Each structure stands twice: as structure tokens, then as C-alpha cells.
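Welcome! Take a look first, and then we will go through it topic by topic.

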Amino acid sequence: MTQIEQSSALPRLKKLIPRFRKLRMGVLGDFMLDRYVWGHANRLSPEAAVPVVEYVSESDCLGGAGNVAANIAALGAHVEAFGIVGGRKGAARAGGKKQPDDEAGAALRACLRALKIDDTGVIADARRVTTLKTRVIARHHQIVRIDQERREPVDPSTEEVLFRRFLDSVKKLDALVLSDYDKGLITDSFADRVLSACHKSKVPVFVKPKTSRLYAYRGARAIVCNTKEASFYVTRPLPDEKSIEEAGRALLPHFGCASVVITRGDKGMSIFEESSPCPWHIPATSFEVTYARVGQPGVERGATGRQVFDVTGAGDTVLSVLSLAVAAGTSLPDAAILANTAAGIVVGKLGTASVSQNELSEALEEAQL
């Protein structure tokens, strides 16, 4: 496996970043709301051996496909979101008005609009609930996470409304990111319809797959998965470089895609292309962060890669920047370098976070020193 010479690519990548503002990107998938409840924990409950958390504040941010959309929007591109949120129970549509969102859905939509993400393609369905992940944080540690979600397939009528909204926009897109978190939206048949529509309109598709679907993403420009997922797909452990290389090569025909990117934590990432006989490798360094740094600036941005100990949204960052860079006209190996740099910034912020054009440019500057 050939290690990518990153220094020669850095000047090209710096010139690439301003092009992001001209791009129109679609994000279709499982939109979620990440809610952080902050408090103080100084005593144990007399009822059970658990801490009592005194509420201080809470904050909401986009998760799942929403985090992908937030990452792309933060880098200057116009983003159109396509997904499902829960509808308010007992709130009937009147006079042709849209179904009202449930509480988490309204908060999610507010987050999208705050980032100037087009939410026309986000449909409310009263038969579902908005996926909400609530994390209780005290003394810089996550005490508990509470998930509210539905995983059964979306009702066919809702799926059809969403697909029609997508068809109205697909020809205007420079690329589509399919963000599948196995919450019931991305079924095999729906993924096939979406990829077929993109193929007809010559829109490249970038996918973060779930292990419950093995063949739903045929024709994608790139599949991004981690080592655990890659191991599942090839049904064997991947303990060394040789096994990773064999897996990457096997996944290309498995998905019928043009390229596969395997993110490998402290070992960086590996890139496999159908058109290239030689796979590429980008190394990573590591450091650890704590919940004290949620939303804070990145740490030691000059490093060429970082192991993610709190992995919230890091894979989303790789997927986002990879799709943007390829849509802007660069090669997949160069795009992977940029994605690796962006992930290195985001992990220093902990939690679902994004990176700006300025941060990315500064990180490339430091990498040249």
C-alpha cells in the first residue's frame, strides 16, 4: 500500500477550497437532533448508585445526516436537505398546510435554517418521531445517553413525497451524499431509486453505508466505511495491512462502486479505486479530548491526522469534505488528504462539530511548515 505524499498536494488543495462556495450539494438520509444537557454532579442519589445531575443548560445541534449537511454548509456550499422528521400528534393539516413538526423536529428544522440549509425536502410524518439523542454531561463526562427513534421503514406514501421532492432538485446538484444510519428511510429499493436518478442526471453519489444493507449502493462514486464495517462486509477480521488491502479490493466489486475509503482510527485511512491498481494510505497521529472541549477550537491543528477517541460525527466530516472536494474537481486521493485534515480539526472540538474554510486553510498552511 502506497503512502500518499501529502506535501505536494497542499498547494492544490488550498486553491480548491474557495471553489466550494459555487457548489450545490444534496444530503439525503437520517436527520437527527443531538441534544446536550449540561449540569453539575456532586452527589449520589439515595434511590440508586447513580449521580444526581443539577440542570444548568442545554443545547441542540444537528446529528446524523444533519451533521453531514452542517459540515458541508460550514465550508461554504449551498446545501439541500432531504429526509424525514416526526409530525406533531393530533395536529391535523388545515387548508393544505404542511404537517407540523414534533418538538425535536421543529428544533432540528431551526438548526437547519440557522445554517441556511434548504429544508424544503425535509418532510414531517406524524406516524414517526424525530430521532433525538440526548446526552447528559456533568464534570466533563457523559453520564447517560437517551435515544428516541423509530427504525421501521418509512410509510410508502411519505417515501414517495420525499422522492418527488428529490427528483425536483437532483438535476441542479453537483453531488449527493447519502447518509444512512439505519433509521428506516434508506431501504434497498429507495436507495436504488435515488442512485438511479443520480446516474441519469450524472450526479456523483457518496455513501456512508450501514451493515444491514449489503448491495443497496451500487453505482456510488465512493463508499466510506470504517474498519469494523469493512470487516463485516468481507466476513473476516482485518488485523493487518494485507487484510485491509484485500478487503478494500473485495469491496469495490461488492458495492459495484468506483472507490472505497476505509477509515482506520489511529492508523489513518486507506483509499481504493477501481481505476488504480495501487491503493493509497494516509497516516494519522493521535491525542485524546474530553467533554470540556465541546464546540471549542481544534487542538494542534498542524498534525496530519488524529485518532478519534470520541467519534461523534468524525466519519461525517470525512464524508462531507471528501464529497465536496471531488465535486470541486480534485482527485479522490487529494480529496482524502483534505478530509483527513478536516477530521483532525473537528475531533479537537468533540461532539458533532464542523470546520470552516478559514480553519481548513490554516491547517493546510501549518502542514506545509
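Predicted model: local features only at pLDDT ≥ 70, side-chain atom pairs only at ≥ 80, totals over all residues.

- Four strands form an open sheet in the order S4-S3-S7-S8, and their pairing is mixed.
- Which strands are at the edges? They are S4 and strand S8 (141-148), each of which pairs on one side only.
- From one strand to the next, the twist averages 20 degrees.

**Strand by strand**

- The link between S3 and S4 is a hairpin of six residues.
- Across this pairing, Trp38 has Ser57 of S4 standing opposite.
- Leu132 has Gln148 in S8 as its bridge partner.

**Helices lying across the sheet**

- Helix H2 (residues 65-74) lies across S3 and S4, and its direction makes an angle of about 65 degrees with S4.
- Helix H3 (residues 103-114) lies across three strands, S3, S4 and S7.
- The direction of H3 is at about 110 degrees to S3.

**A pair of packed helices**

- Two packed helices are described by the angle between their axes and by the distance between those axes.
- Helix H6 (residues 227-234) packs with helix H7 (residues 241-255) at about 65 degrees, and their axes are 10 Å apart.
- Why do H6 and H7 count as roughly perpendicular to each other? Their angle is about 65 degrees, and angles of 65 to 115 degrees count as roughly perpendicular, so the pair is described that way.
- The crossing of H6 past H7 is left-handed.
- On the H6 side, the residues that meet H7 are Thr227, Ala230, Tyr233 and Val234.
- Their counterparts in H7 are Ile244, Ala247, Ala250, Leu251, His254 and Phe255.
- Sorted by class, this contact of H6 with H7 has eight nonpolar residues, two polar ones and no charged ones.

Technical notes:
Residues numbered from 1 in each chain as written. Heavy atoms only, no water. Axes fitted to C-alpha atoms, helices over the stretch in contact; angles between N-to-C directions. Helix = DSSP H or I, 4+ residues; strand = E, 2+ residues; numbered from the N terminus. Parallel < 35°, antiparallel > 145°, perpendicular 65-115°, else oblique. Left-handed = near helix turned anticlockwise from the far one by under 90°. Contact = heavy atoms within 4.5 Å. Nonpolar A, V, L, I, M, F, W, Y, C, P; charged D, E, K, R; others polar. Pairing = 2+ DSSP bridges.
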